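Subject: Structure handover

Hello,

Here is the structure I promised. My notes follow below it.

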Amino acid sequence: MLATPAIAQEEEPRTTYSVTMLKLTPGSENRWTEIRSEYVDPAREAAGLSPATVHWVMMNEDYDLIIITEMPRGMSTFDTHANAEREAFWEAMSEIVGGQEALDALGEEWDTLVESSTTVYTHTHP
């Protein structure tokens, strides 16, 4: 009886994350790491996004690593396919790699490095 109804509780901010599990093709670990450190991480920084956290997974046949990235506007990021964060990231990537043609080639190479991936979304509960 003394509990405050959910409707009367203040909404506390939550942090939303994208969690991607990747299975890399055999022998591609070094090149994947190189692309991430030379292009992806600097593009995230240039776009004003928080750095991604990468966790390498040991002894798991389903995936090799987990990438965790914060979604700055939470689930509202999904309100549009052309959100500001995505546009800023891809603009920075294009500039860093040397233009759209080079970006397309890097994307094709990336596809050869990743055997499979799964992404889920989660958030903190304050």
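Two strands pair if DSSP finds at least two bridges between them. Helices (H or I, at least four residues) and strands (E, at least two) are DSSP runs, numbered from the N terminus.

This is a predicted model, in which local features need pLDDT of at least 70, side-chain atom pairs count only at pLDDT 80 or more, and totals for chains, interfaces and linings use all residues. Residues are numbered from 1 along each chain as its sequence is written, and side-chain values use heavy atoms, with hydrogens and water left out.

The sheet. Four strands make an open sheet, ordered E2-E3-E1-E4, with antiparallel pairing. Strands E2 (53–56) and E4 (114–123) are at the edges with a single partner strand each, so one side of each has no neighbour in the sheet. Direction ignored, neighbouring strands are turned by 20° against each other on average. E1 (residues 16–24) pairs with E4 over nine bridges, in the antiparallel sense. Lys23 has Ser116 in E4 as its bridge partner.

Helices on the sheet. H1 (residues 29–46) packs there and touches E1, E2, E3 (65–71) and E4. Contact means heavy atoms within 4.5 Å. The direction of H1 makes about 165° with that of E2. Axes are lines fitted to C-alpha atoms, for helices over the stretch in contact; angles run from 0 to 180 degrees between N-to-C directions. H3 (residues 100–113) also packs on the sheet, touching E1 and E4, and its direction makes about 95° with that of E4.

Helix on helix. H2 (residues 84–97) packs against H3 at about 100°, with the axes 8 Å apart. The pair is therefore roughly perpendicular (65 to 115 degrees; under 35 is roughly parallel, over 145 roughly antiparallel, the rest oblique). H2 contributes Trp90, Met93, Ser94 and Val97 to the contact, and H3 contributes Gln100, Ala102, Leu103 and Leu106.

Two loop residues. Thr77 sits in the loop between E3 and H2. Its relative accessibility is 10%, so Thr77 counts as buried (under 20% relative accessible area; exposed is over 50%, partly exposed in between, with a 1.4 Å probe and protein chains only). A polar atom of the Thr77 side chain lies 2.8 Å from the backbone oxygen of Gly74. Leaving out residues up to four places away in sequence, Thr77 touches Met71, Asn83 and Glu85.

Met59 lies in the loop between E2 and E3. At 89% relative accessibility, Met59 counts as exposed. Its phi is near 55°, a positive value in a residue other than glycine. Most residues other than glycine have a negative phi.

Best wishes

Conventions: A polar contact is a pair of N or O atoms within 3.5 Å; within protein, one must be able to donate a hydrogen and the other to accept it, and residues adjacent in sequence count only if both atoms are side-chain atoms.
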